[in-house]
Amino acid sequence: MSVASESRVHRPISDLAEGLRRRVTTALHDYQMLGPDDRVLVAVSGGKDSTALLLLLEETRRRASFSFSLQPVILDQKQPGFLVDEYRDWLASRGFSLAVIERDTYSVVVEKIPEGKTYCSLCARLRRGILYNYAHQNGFTKIALGHHREDANETILMNMLFSGRIAAMPPKLRSDDGRNTVIRPLCNAPEADIAKFAREQGYPIIPCNLCGNQANLQRARIKRLLGDLSSEHPRIAESLLAAQGNVQLQQLRDRDLWNFSTFEQRGVQQSTRN
Ligand code: SF4
């Protein structure tokens with residue numbers, strides 16, 4: 001198992017990368033994501049976001065005032081055509097030793113999900129379970145995921161519009177069974193900047209549509225909606241993100257969180273709300 005290594009390849013970073021690194025540093029600080037001697041499992045998928053996460057965390061690690069280690073881990077779910085070699089070689093050229101977990105969840109979802117329905121929710125649940133177990137069994141203290149600003153914004157809108165609840169993607173959370181701590185250091189990072197960073201770095205990308213499943217249509221619709229609004233009002237994404245950290249309970253109507261008799265906040269266990 002590789003840890004933070006002096007042999008990692010360091011290159012001067014561009015203004016774009018520096019801007020992203022600053023956003024990562026702010027998120028790490030604001031949400032107290034990392035501490036001394038943390039062993040961080042960086043969950044990479046071969047996509048642009050999680051690879052950017054790994055490279056930016058490495059840049060942060062190099063400059064940090066305390067030591068922590070990074071281990072990229074990829075899950076080969078046996079989708080047809082999932083080829084990890086080029087990706088692994090590229091990471092190796094930057095000094096990372098990629099751990100590959102092989103589990104055939106593809107067959108499970110194809111067997112269990114009726115034709116015409118999307119695989120993603122079962123697939124993601126299985127993937128999460130495997131990664132969480134792996135992290136626990138191998139002594140990782142944090143699991144880093146590559147969700148960015150637009151993921152959080154789309155999620156809160158989807159939950160409000162389609163599920164009747166206000167919930168997004170927290171920057172840091174404890175897994176339901178209490179065994180794992182999950183962090184999202186890219187939570188402040190704009191997706192468009194990450195896409196530019198991926199092109200700038202030139203890393204190989206493993207396509208995410210190998211399962212042949214339909215994209216999540218609701219999410220795609222919300223993404224289009226936010227894109228349209230942002231072209232008219234460029235600050236929309238930042239405002240939506242800021243709103244998630246600026247909740248005014250007394251302006252909502254959640255009787256479990258707000259006591260309408262005393263006008264005071266109630267204490268509620270998160271687990272009772274899901
Ligand atoms: S797109 Fe395919 S691989 Fe990705 S989560 Fe959905 S089912 Fe799984």
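**Sheet and helices in a predicted model**

Biologist: In what order do the six strands form the open sheet?

Modeller: This is a predicted model, where local features need pLDDT of at least 70, side-chain atom pairs count only at pLDDT 80 or more, and totals for chains, interfaces and linings use all residues. Residues are numbered from 1 along each chain as its sequence is written. Strands (E, at least two residues) and helices (H or I, at least four) are DSSP runs, numbered from the N terminus. The pairing is mixed, and the order is E3-E2-E1-E4-E6-E5.

Biologist: Which strands stand at the edges?

Modeller: Two strands pair if DSSP finds at least two bridges between them. An edge strand here has a single partner strand, so one side of it is left without a neighbour in the sheet. The strands are E3 (99-102) and E5 (172-174).

Biologist: Over how many bridges do E1 and E2 pair?

Modeller: Strands of a sheet pair through backbone hydrogen bonds, either parallel or antiparallel. E1 and E2 pair in the parallel sense. In this pair, Leu-41 stands opposite Gln-71 in E2. The number of bridges is six.

Biologist: How many of the residues of E1 are buried?

Modeller: A residue is buried if 20 or more other C-beta atoms lie within 10 Å of its own, exposed if 12 or fewer, and partly exposed in between, with C-beta atoms placed from the backbone. E1 is mostly covered. Of its six residues, the buried ones number five.

Biologist: Is Gly-202 buried or exposed?

Modeller: Gly-202 lies in the loop between H7 and helix H8 (217-232). Gly-202 has 7 C-beta neighbours inside 10 Å, so it counts as exposed.

Biologist: At what angle do the axes of H1 and H7 cross?

Modeller: Axes are lines fitted to C-alpha atoms, for helices over the stretch in contact, and angles run from 0 to 180 degrees between N-to-C directions. The axes of H1 (residues 15-30) and H7 (residues 191-201) come within 10 Å, and they cross at roughly 130°.

Biologist: Why is H1 oblique to H7?

Modeller: Angles under 35 degrees count as roughly parallel, over 145 as roughly antiparallel, 65 to 115 as roughly perpendicular and the rest as oblique. H1 is oblique to H7 because of their crossing angle, roughly 130°.

Biologist: Which residues in H7 do Leu-16, Ala-17, Gly-19 and Leu-20 in H1 meet?

Modeller: Residues are in contact if their C-beta atoms, placed from the backbone, lie within 7 Å. The H1 residues meet four in H7: Asp-193, Lys-196, Phe-197 and Glu-200.

Terms used. Two residues are in contact if their C-beta atoms, placed from the backbone, lie within 7 Å.
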